[in-house]
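Trainee: I would like a close look at one part of this model. Please start there and then lead me through other places that deserve attention.

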Amino acid sequence: MAVYFNVLNSSVWLEPVSSTTIGYYVAGNFNGWQRNSNYKMTSSASGIYTLTTTLSSTTGQYQYKVIDWTGTQVIWYGGSGSNNDYGNIPVKSGNVTFYFNQSVASTNSALGIGDTTKETMHWYFASDINNWGFATMTYIGNGTFAATITRPSTNDFAGGYGYKITPRAAFSTPPASLTQYYFNGSYGGYSGSNGTIIVPQATTVVVYFNVLNSSVKAKAVNIPTSNQVIIAFLDSLNQINLTLNKPVDTSNLSQFSFTVNGQSIPISSVVSANTGGSGISDYLTINLGESLSPSDVASPMVLSISGFATATVYARYVLNNPAFYYSGQLGAIYTPYQTTFRVWSPVSDHVNLLLFSNYDSTTPYATYAMSRNSQGVWSVSVAGNLYGIYYEYQYHRYGQWISAPDIYSHAANPQNTLSEVVDMSQTNPIGWSSDQAIFPSKMTDAIIYEVHVQDFTDNPDSGVLPQYQGTYLGFTQRNTTYDGLPTALDHLKWLGVNYVQLLPIEDYEDPLNPGYNWGYVPYLYMVPEAKYSTTPNNPLNTIEEVKQMIMALHSVGIGVVLDISFSHTSYVTTPYTAAVPYYYYNYNQYGQMTNYSGVGNDLKTGNDMVAKLIIDTLEYWMNQYHVSGFRFDQLYLYNPSTIRQIISSLTAINPEVLLYGEPWPAAGAQFVYDDQRGMHMGMFNGYFRDAITGTAANYSAQGFIDGAPNQNQSEIESGIVGSIPYDSLPNTFASKPDETINYATSHDNYTLWDKINGAEPSWTQAQYIAAQKLGLAIPLLSEGVFFMQGGDEIARTKGGNGNSYNVQGPNEFDWSRLTTFATVDNYVQGLISIRKDHPAFRINSAQIITNNLSFLTTPSGVVGYTINGSAVGDSWSTILVYFNGNTSSQTVSLPFGTWNLVVNPFVASQTTIATVSGSYTLDPLSAYVMYQ
């Protein structure tokens, strides 16, 4: 039996759970997103669920999902996944047939669910073969579309390509959010995950896509008739690793030959790269009889194998040889009298500097040949004052010319095609010389507020001037209000946070989503993103506006942390593959870019000159922009050695620089929980987060605050002590509390308000508010570093959207919620004040926590503990905290003595509300703080 309650008309009804009601249903805005028996799907003989119905023609288009209803846990399947993580699916009005593949959906990778009208939509094939441009697919009948793609013989040297199939202009007015279908395979194979298709050079393939079952296949038209070396890499000065499309006998050395610039190089042995021994293999290691000279990597290196087409050998890991490492400054080094340009490209035999007069110029006004040093750095000095001049590099490597902007750009045009020469001193706003970055005395003092530049002030209710809304300068305006309450910068000051973490403001490029974006597709790391500038066509003014934003935050005592992604770059990899093909990214044995990041590429962060780029970038932002730290996206994909170099370099600038990132143990992970011990690197505490709210990615999952207080109690206690080793608590990954970032939600997945609503859809408004307060009180009153998603203090909602990275509307701050949820806002402000004023909640020693924090015996679903404040000089000598996750009141026995109550479900203050002793009844969904 399921009980239903409608909050709009206060009606209650019961519905039996039986074999007739359990099943798959289509829900959308055509039926109010409700599970309705008229929209139940039926199974066909093939196991595909279908529903044929007529949608009202009064609206041109709708959105929908499929519901898996069992009467207990409801799962929503979207366009390319499950659990509401992926967008709604567009569908036209009229006669419609919906399709759903249950067997695929049950593996959390639901494929396209569609309607027969998709046969009249416009479909396109997109790939990094053509920089993710769209190739038209032609309808050939039976629900199938086809596109013919030819990989050019000259390209960016990737052996495999990522690809997507997407609808465009599907309706008279295209939907704001496009459903994208991700596939993977080679010559006819496919799977339900994003990946690559292997396309040899100059090969033509036909891609087939069936809109009714969302299947994709690729067939080669001109499969090479000759045997091919798929890829060959020079990985040291005396070793080549290669993959063939046909195995050979490695013991027959006479079939192999290798030349450099036409000169034969002896081969000492050929072995299987997998076993290290002789035998039949298609994955080989060739050991050379003599070491090459470092300069040879810029010469033609050709491998010949009897019966195979000759192949170019590309320099890869050999470039990590110390002979190629350059420790000096790269990029455009400006003075008023001359500018020196330096770029690292050891595999090029010629590099030119091209100068342009304007940001939109297509023809250079001057070209200069550059000179190469022994490490592969090309340089040229150009006389005169080049401030504001645009430039790019033209590389000739492996017989091909290609042009690209400077990886070390400090400024670039909005199209990211040209770099710009900058004198950073001329971009300084008034007062910048006296501005300083703000660092905490210790990391546990940080109270971090995460926000996206555009979201924060884009809504007119922010009170920010229209010309500043959604921009860097939106952070600079003072005295903004909504209904008399402070907004924007004044709101942050009032709230009491001391650090703002900005979602990426580094230049990004996303041709698939050219509009609104969170920015996790970086392109030029040292360039600020132009989209948030009031003058996007003036890169130098953009730099000044970023500095003005940072100065404004510093003026109210708030430091700036930058979110940054070195796990991957944009889909468009040209600046990196142009300078040094196969070096900046991680490749498999077939020469394909790996895709652990999910963006189609993974930076090879362990490569020496990649690590240098990372560290130079971070130091640049600290020194030139006065930032206080960095949040590392997908930190788990970083090389541990590079992480140690990052920490060493940045703590040399300031020992308390804020450094933290994502430690998820996912595919390709190199740096996860426990690896950070003693390293001055914080890890997002997903254990604590999921214990508080339920599994983050699962909209309906329950946690301590929203329906499952009993099953999460020990995980809550572990988070309270900062995840340090403490008794037998689980998930104690930290050696010090500053290694855990405690939070309830972040930009990923759902806002706290939405997560609570998803877990408990039938609660009252009062219960939601109580749970919202409790969800923020728990990490605020715990040991470790506190972090919050911006807007949770006003119960921010994104309408249940769990992946809003490219949809502007749901992300905008609705400042009108300041009045609706003033009680939550005031409560969080009070808790922040308590945390800042009382060092007992910010202890940075595991031993002190172990000795002075004690848990109490409590009813199920209640966590209680005391802290010896005297041990850390707190004005409250003993502190008592209770969290009640139950929806019912719970009575506890207070420790001996009289206690001053300062926090209850309604007030968070440092002024005593009441004095209490003996037994005490805790309200449902509540936090309490008392002291002696």
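Mentor: Start at strand 25. This is a predicted model. Strand 24, residues 267-272, runs antiparallel to strand 25, and five bridges join the two.

Now look at another pairing of strand 25. Strand 21 covers residues 239-249, and strand 25 covers residues 280-288. These two also pair in the antiparallel sense, over seven bridges. Find L242 here. Opposite L242 stands L284, in strand 25. Strands of a sheet pair through backbone hydrogen bonds, in either a parallel or an antiparallel way.

Four strands form it, in the order 23-22-26-27, with antiparallel pairing. Which strands stand at its edges? They are strand 23 (263-265) and strand 27 (311-312). Each has a single partner strand, so one side of each is left without a neighbour in the sheet. Strand 27 pairs with strand 26, residues 301-305. Two bridges join them, and they run antiparallel. There, L303 stands opposite A311 of strand 27.

Move along to a helix. Helix 9 spans residues 713-720 and is mostly covered. Six of its eight residues are buried. They are Q713, I716, E717, S718, G719 and I720. What do these buried residues pack against? Among the helices, the partners are helix 8 (686-693) and helix 11 (765-780). Among the strands, they are strand 46 (740-742), strand 48 (853-855), strand 49 (862-868) and strand 50 (878-884). After helix 9 comes G722, with a positive phi near 85°.

Strands 49 and 50 lead us to a charged residue. D874 sits in the loop between strand 49 and strand 50. D874 is buried, yet it has no salt bridge. The nearest side chain of opposite charge is R842, 6.6 Å away. A salt bridge would need a side-chain nitrogen of Lys or Arg within 4 Å of a carboxyl oxygen of Asp or Glu. So what does D874 touch? Leaving aside residues up to four places away in sequence, D874 touches H838, P839, A840, G869 and I879.

Y582 lies in the loop between helix 5 (574-579) and helix 6 (608-625). Its phi is near 70°, a positive value in a residue other than glycine. Is Y582 buried or exposed? Y582 is buried, with a relative accessible area of 3%. Q634 is in the loop between strand 43 (629-632) and helix 7 (640-653). Phi of Q634 is positive too, near 50°, and this residue is not glycine. Q634 is buried, with a relative accessible area of 10%.

Finally, step back to the whole chain. The chain has 15 helices and 55 strands. Of its 932 residues, 59% are buried. Now count contacts between residues with a separation of 6 or more: 68% of them join residues 24 or more positions apart. The chain exposes about 32400 Å², and carbon and sulfur atoms supply 48% of that area.

Definitions and conventions: Residues numbered from 1 in each chain as written. Predicted model: local features only at pLDDT ≥ 70, side-chain atom pairs only at ≥ 80, totals over all residues. Heavy atoms only, no water. Buried < 20%, exposed > 50% of the residue type's maximum accessible area, 1.4 Å probe, protein only. Contact = heavy atoms within 4.5 Å. Areas by Shrake-Rupley, 256 points an atom, 1.4 Å probe, with all protein chains shown as cover. Lys, Arg positive; Asp, Glu negative; His and termini not counted. Pairing = 2+ DSSP bridges.
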